[in-house]
Amino acid sequence: MKGDLHGLVEECIDRLDRGALEADHLREVLARIPKVGNSVQDLLYLQCSTTSVTSQVLGVQFIAGGQVQPEPDSVADFPYQSVLEAMRDGWCVVQFPNMALLLDEERTYGLGCEFILERRSNSNPQGGGTGC
């Protein structure tokens, strides 16, 4: 059996319909289901050119599995070119840009167009992101 969790369950349903479902098939699916307390929070900081989720990403900071990841060398190497692209890949926005930081460019104390996104990932190497 190969594929994502949804595909594995569909395959089990197909095997059940054919009378070919065995306990080992269900055990494989069970092994892929994230266990409570067995996931970690991944964070993605995206600095953008505007407050729109479709604006160009200018900077990236990625924390995966509790480890700060090296920053990409160039914009072309960023994992996402917009916040919307990251959202389509299962990332959830937990903080939108702070509009107050954009009011006076001479007195800005942070990155005004920074989005913070998170997803939970299974600490099992076979697991992937588990959504928001």
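**Salt bridges, a nonpolar patch and cysteines**

E11 is partly exposed, with 22% relative accessible area. The classes are buried (under 20%), exposed (over 50%) and partly exposed in between, using a 1.4 Å probe and protein chains only. The model is predicted, so local features need pLDDT of at least 70, side-chain atom pairs count only at pLDDT 80 or more, and totals for chains, interfaces and linings use all residues. Residues are numbered from 1 along each chain as its sequence is written, and side-chain values use heavy atoms, with hydrogens and water left out.

E11 pairs with R15 in a salt bridge, with the closest N and O atoms 3.0 Å apart. The term requires a side-chain nitrogen of Lys or Arg within 4 Å of a carboxyl oxygen of Asp or Glu. E11 and R15 sit four residues apart in helix α1, about one turn. Helices (H or I, at least four residues) and strands (E, at least two) are DSSP runs, numbered from the N terminus.

R18 and D14 form another salt bridge, at 3.1 Å from N to O. They too are four residues apart in helix α1, so about one helical turn separates them. R18 is exposed at 54%, while D14 is partly exposed at 39%. In helix α2, R27 and D24 lie three residues apart, about one turn. Their salt bridge spans 3.2 Å, N to O. R27 is exposed at 53%. D24 is exposed, also at 53%.

Now the nonpolar surface. L5, V9, I13, L30 and I33 make a patch of about 400 Å². Patch residues have over 30% relative accessible area and no salt bridge; nonpolar side chains (Val, Leu, Ile, Met, Phe, Trp, Tyr) are joined within 5 Å, like charges within 9 Å. Accessible areas come from the Shrake-Rupley method with a 1.4 Å probe, and for residues only the protein chains shown count as cover. Helix α1 (residues 5–18) gives the most, with three residues. I33 lies in the loop between α2 (23–32) and β1 (39–48). I33 is partly exposed, at 36%.

S82 occupies the loop between β3 (67–68) and α3 (83–88). S82 is buried, at 11%. Beyond residues up to four places away in sequence, S82 touches L46, V53, T54, S55 and V57, where contact means heavy atoms within 4.5 Å.

Last, the cysteines. The structure holds zero disulfides, a disulfide being a pair of cysteine sulfur atoms within 2.5 Å. The closest cysteine sulfur to that of C48 is in C113, 7.3 Å away, too far for a bond. C48 is buried at 7%. C12 is buried at 6%.
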